[in-house]
Amino acid sequence: MGKMKRGYDRRDEVLGARLRESLEYFSKHGEPDFASIELAAGSLGAMPASGRTARRRPSRALLLIPAAAAVVLAVGLGWGRLAGPRMATKDDQGVDGTFSGAYLEASQADPLGTEVSLLARESVGGDLSLPSADSGASDTFHEELAVFVTGLWKGPLAPASPSWRESSEGVF
Amino acid sequence: MPEARLPGKAEEEDSGMDLELVRRFVEEGDRQAFEALARRHLPSMRRFLALSLPDPAEAGEAEQEVLVRMFRSLPAYRGESGFRTWLFRLCSTAAADLVRSRARDRNRLRRYANTLPDLDPRPEDEPSFDLERRERARETRKALESLGEPDASLLFLRDAEGLSVEELSSVFGLREGTVKSRLSRARSRLRGLLDEEGVCNPGRMPWEK
């Protein structure tokens with residue numbers, strides 16, 4: 001058994017030497033270009049000073065999150081300040097229901113802002129008129145929604161109660 | 001089956017030296033350590049890539065890619081598997097990626113093998129391979145490639161490079177039993193092919209003539 005095993009290993013060894021010699025003949029020779037390897041690997045960025053340093057380095061995606069949040073906040077605040085003066089007053093709508101004056105100018109300058117205001121009003125009464133004081137409890141939700149949407153549009157600096165709501169006692 | 005001790009294996013498998021070079025590169029940023037590590041394993045790596053990629057230009061491209069990946073991935077190497085096992089896995093992946101990126105399959109490699117007698121990647125070294133050795137190298141390679149993959153790579157890495165069955169199992173993601181049965185079948189087929197060609201006398205080593 002021992003002899004057979006040794007003979008078998010020897011045959012493997014001969015075969016291995018033959019394979020090794022064959023592939024040795026076909027394999028590339030010469031020195032690798034380590035400079036280009038390092039360059040291709042992006043050594044300055046990829047090569048860590050130590051393994052621990054590499055593991056501590058946050059990913060770029062994580063760094064982008066606070067930056068994106070800051071941009072969104074800045075845009076939101078700035079837009080809110082601009083949108084505030086454009087809110088409709090009771091003088092903006094004429095008796096025939098059409099808009100004129102400052103509201104018309106605002107709607108031409110900022111169609112999207114105007115649309116949001118109109119949608120907020122429509123959510124209250126189904127049209128451009130404001131809810132009456134005796135509309136009952138069922139209108140409370142719509143009123144709160146309108147205040148919320150308008151406040152959202154005007155930003156955190158807006159007054160708690162919009163001007164049109166203060167005059168909601170009557171129809172204008 | 002006991003491990004066959006192959007020429008140079010003891011030096012190449014000095015895992016302690018490998019780990020020390022990895023540590024110097026990763027923790028101290030020692031580029032010389034990286035180059036020393038690459039040079040230690042370059043011959044084995046090149047032989048394996050020459051088997052996987054018969055086109056010398058492709059093999060050279062794959063070698064470059066392996067070294068780049070090695071440079072990038074060494075910080076993640078934990079030493080859980082032997083360095084050679086890890087490196088051969090890189091080689092195998094890089095070679096497969098290269099072949100896939102050119103939309104060619106293993107059959108293409110076999111077809112390409114038929115043109116090998118016309119290729120001589122190292123004409124400057126011709127004197128070291130006389131006509132008989134060159135012819136034997138070509139026939140041996142042709143027979144090896146006719147086994148197909150992964151049998152050719154398994155057999156080469158086991159018998160020529162001295163990887164254990166366990167290491168082969170890790171490199172190729174095969175069960176050890178599968179590796180053993182494939183190795184046994186591949187050896188038997190290769191011996192038959194080489195005997196038919198008359199280029200191999202398994203009973204004699206080349207230097208025993």
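Helices (H or I, at least four residues) and strands (E, at least two) are DSSP runs, numbered from the N terminus. The model is predicted: local features need pLDDT of at least 70, side-chain atom pairs count only at pLDDT 80 or more, and totals for chains, interfaces and linings use all residues. Residues are numbered from 1 along each chain as its sequence is written, while chains are lettered from A and ligands numbered from 1 in the order in which they are written.

**Chain B overall**

Chain B has 10 helices and 0 strands. Of its 209 residues, 36% count as buried (20 or more other C-beta atoms within 10 Å of the residue's own; exposed means 12 or fewer, partly exposed in between, with C-beta atoms placed from the backbone). Two residues are in contact if their C-beta atoms, placed from the backbone, lie within 7 Å. Among contacts in chain B between residues at least 6 apart in sequence, 69% join residues at least 24 apart.

Helix H5 of chain B covers residues 83-101, 19 residues in total. From first C-alpha to last, H5(B) reaches 27 Å, close to the expected 27 Å, where the expected span is 1.5 Å times one less than the number of residues. Its buried residues include B:Phe83, B:Trp86, B:Leu87, B:Cys91, B:Ala94 and B:Ala95.

H4(B) meets H5(B) through B:Glu58, B:Glu61, B:Ala62, B:Glu65, B:Val66, B:Arg69 and B:Met70, with B:Leu87, B:Leu90, B:Cys91, B:Ala94, B:Ala95 and B:Leu98 on the H5(B) side. These residues divide into 9 nonpolar, no polar and 4 charged (Ala, Val, Leu, Ile, Met, Phe, Trp, Tyr, Cys and Pro count as nonpolar, Asp, Glu, Lys and Arg as charged, and the others, Gly among them, as polar).

**Two helix pairs**

Axes are lines fitted to C-alpha atoms, for helices over the stretch in contact, and angles run from 0 to 180 degrees between N-to-C directions.

| Pair | Axis distance | Angle |
|---|---|---|
| H4(B) and H5(B) | within 9 Å | roughly 130° |
| H3(B) and H8(B) | 10 Å | about 160° |

Angles under 35 degrees count as roughly parallel, over 145 as roughly antiparallel, 65 to 115 as roughly perpendicular and the rest as oblique. H4(B) and H5(B) are therefore oblique to each other, and H3(B) and H8(B) are roughly antiparallel. The latter contact is made by B:Phe48, B:Leu51 and B:Ser52 of H3(B) and B:Ala152, B:Ser153, B:Phe156 and B:Leu157 of H8(B). Its residues divide into 5 nonpolar, 2 polar and no charged.
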